[in-house]
Amino acid sequence: MNAGKSPLFLKALALSVSGILGTVTAFIIVSGIEAVIGGQGFSFFSSVWNPNAGHFGILPMIHASVLLAVSSLCVGWLLSLGCCCVMNGLAPKYIADAMMMILTVMTAMPTVVYGFAAVFLLVPVIREAFGGSGFCWLSAGMILALQSVPTMTLVMDASVRSLSSQTRITAETLGMTPAQHLCRVVLPSSSKALLSSAILGLGRCAGDALLPVMLAGNAVRFASSPLDSMRTLTAHISLVLSSDIGGGEHLSLLLSGALLLAFCGTVSIISGSIIRRRKHEA
C-alpha cells in the first residue's frame, strides 16, 4: 500500500460523513427559509408569543439564547482559565492532580445530573436569598457555566502543558518563577487554544436544551435581571417537539433550528478567520 495515500475505506467514510452533515445542514437551512416564507414573512421576529391569537414571535427567545450563552461563557471561560493555571504551575502537584481528576469525572456526568442537582440545591438557595421562584437566568447561567468548565479547561490544558514543557528549561535559565513562566510566556503563546476553548464553550452554552428547560423558567419575555425567567431557542424546540402540533408553532421550531445553526456557524467562521490572521501575522 502506498503510504502517501489514504485507504479507500477512509475516503469513503469521510465522504459519507460529509454527505450526511451537508444533508442535515441543507435541511435545516431550507426548513428555516420555508418557515419564513410560509409564516407571513418576518412576523416570527416580533416580540409577541401568543399561539391562541396567532402570534408566534420568537424574538424574546433569540434574546434569551444570546444573553444566556454569552453570560455563561464569560463566567465559565474565566473559571476554566483559573483551573488551567492551577494545574500548570500555580498550585502544588497534588492539588493539580486532584483538580484534573475532578474535571475528568465532570466530563462524564450527564447533563440531567447537573440540572437535577441544581433544582434541589441551587434553586432553593437563590429563592431564599433573592426571592422569586429561583428558576431564572441566574440559575441556568451558573449551571451552564459549570457544565462547560471541564471541556474548556481540558482544551486549554492540552496546549498550555505542551508549550510549558517546551519552554520550561529556558524560563528556568532566565530565572523565571513557574507563575511568571505561565503568565508571561505560556499563556500569550496559547491564544489560539484559549480562543478555541471559548468557541467550544459558546457552542455548548448556546446549544444546550435540557438545562434551560429545567432551570430558566421558560417564560417568553425579555429578561432584564438575572432573576427573571426566560425561554431560549433550544428550550422552545424541546417544548414544541413534546406536543403534537403544527401550524405557526411548528414553523417557529424550524426557524429556531436554522437560527441556532446560523449563530454557531457564524461564530466558528469568525473565530477561524481570527486564528488564521494571527497565524499569518506570526
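These exercises, each with a worked solution, walk through a predicted model of one protein chain.

Local features need pLDDT of at least 70, side-chain atom pairs count only at pLDDT 80 or more, and totals for chains, interfaces and linings use all residues. Residues are numbered from 1 along each chain as its sequence is written, and side-chain values use heavy atoms, with hydrogens and water left out.

**Exercise 1. The whole chain**

Task: State how many helices and strands the protein chain has, and give their order.

Solution. 
- Start with the count: 10 helices and 2 strands. Helices (H or I, at least four residues) and strands (E, at least two) are DSSP runs, numbered from the N terminus.
- Next, read along the sequence: the pattern is α-β-β-α-α-α-α-α-α-α-α-α.
- Then look at burial. Of the 282 residues, 36% are buried. Buried means under 20% relative accessible area, exposed over 50%, and partly exposed in between (1.4 Å probe, protein chains only).
- The accessible area is about 15200 Å², and carbon and sulfur atoms hold 69% of it. The Shrake-Rupley method with a 1.4 Å probe gives such areas; for residues, only the protein chains shown count as cover.
- Finish with contacts, meaning heavy atoms within 4.5 Å. Among those with a separation of 6 or more, 69% join residues 24 or more positions apart.

**Exercise 2. Helix 3 against helix 5**

Task: Describe how helix 3 and helix 5 cross, and list the residues that meet.

Solution. 
- Two packed helices are described by the angle between their axes and the distance between the axes.
- Helix 3 covers residues 93–107 and helix 5 covers residues 137–173. Their axes come within 9 Å and cross at roughly 125 degrees. Axes are lines fitted to C-alpha atoms, for helices over the stretch in contact, and angles run from 0 to 180 degrees between N-to-C directions.
- Helix 3 and helix 5 are therefore oblique to each other. Angles under 35 degrees count as roughly parallel, over 145 as roughly antiparallel, 65 to 115 as roughly perpendicular and the rest as oblique.
- The crossing of helix 3 with helix 5 is left-handed. That word applies if the near helix is turned anticlockwise from the far one by less than a right angle; clockwise gives right-handed.
- Helix 3 brings Met 100, Leu 103, Met 106 and Thr 107. Helix 5 brings Leu 146, Val 149, Pro 150, Thr 151, Thr 153, Leu 154, Asp 157 and Arg 161.
- By type, the contact has 7 nonpolar, 3 polar and 2 charged residues. Ala, Val, Leu, Ile, Met, Phe, Trp, Tyr, Cys and Pro count as nonpolar, Asp, Glu, Lys and Arg as charged, and the others, Gly among them, as polar.
- Now pick out Thr 151 in helix 5. At 18% relative accessibility, Thr 151 counts as buried. Beyond its neighbours within four places in sequence, Thr 151 contacts Thr 107, Leu 200 and Arg 204.

**Exercise 3. Helix 5 against helix 6**

Task: Describe the packing of helix 5 and helix 6.

Solution. 
- Helix 6 spans residues 178–189. The axes of helix 5 and helix 6 are 10 Å apart, at an angle of about 135 degrees.
- This pair is therefore oblique.
- Helix 5 passes helix 6 in a right-handed crossing.
- From helix 5 come Val 160, Leu 163, Ser 164, Thr 167, Arg 168 and Ala 171. From helix 6 come His 181, Leu 182, Val 185, Val 186, Leu 187 and Ser 189.
- The contact of helix 5 with helix 6 divides into 7 nonpolar, 4 polar and 1 charged.

**Exercise 4. Links across the sequence**

Solution. 
- Leu 194 is buried, at 13% relative accessibility.
- Trp 77 is 117 residues away in sequence, yet 8.8 Å away in space, C-alpha to C-alpha.
- Trp 49 and Glu 249 lie 200 residues apart along the chain, with their C-alpha atoms separated by 9.7 Å.
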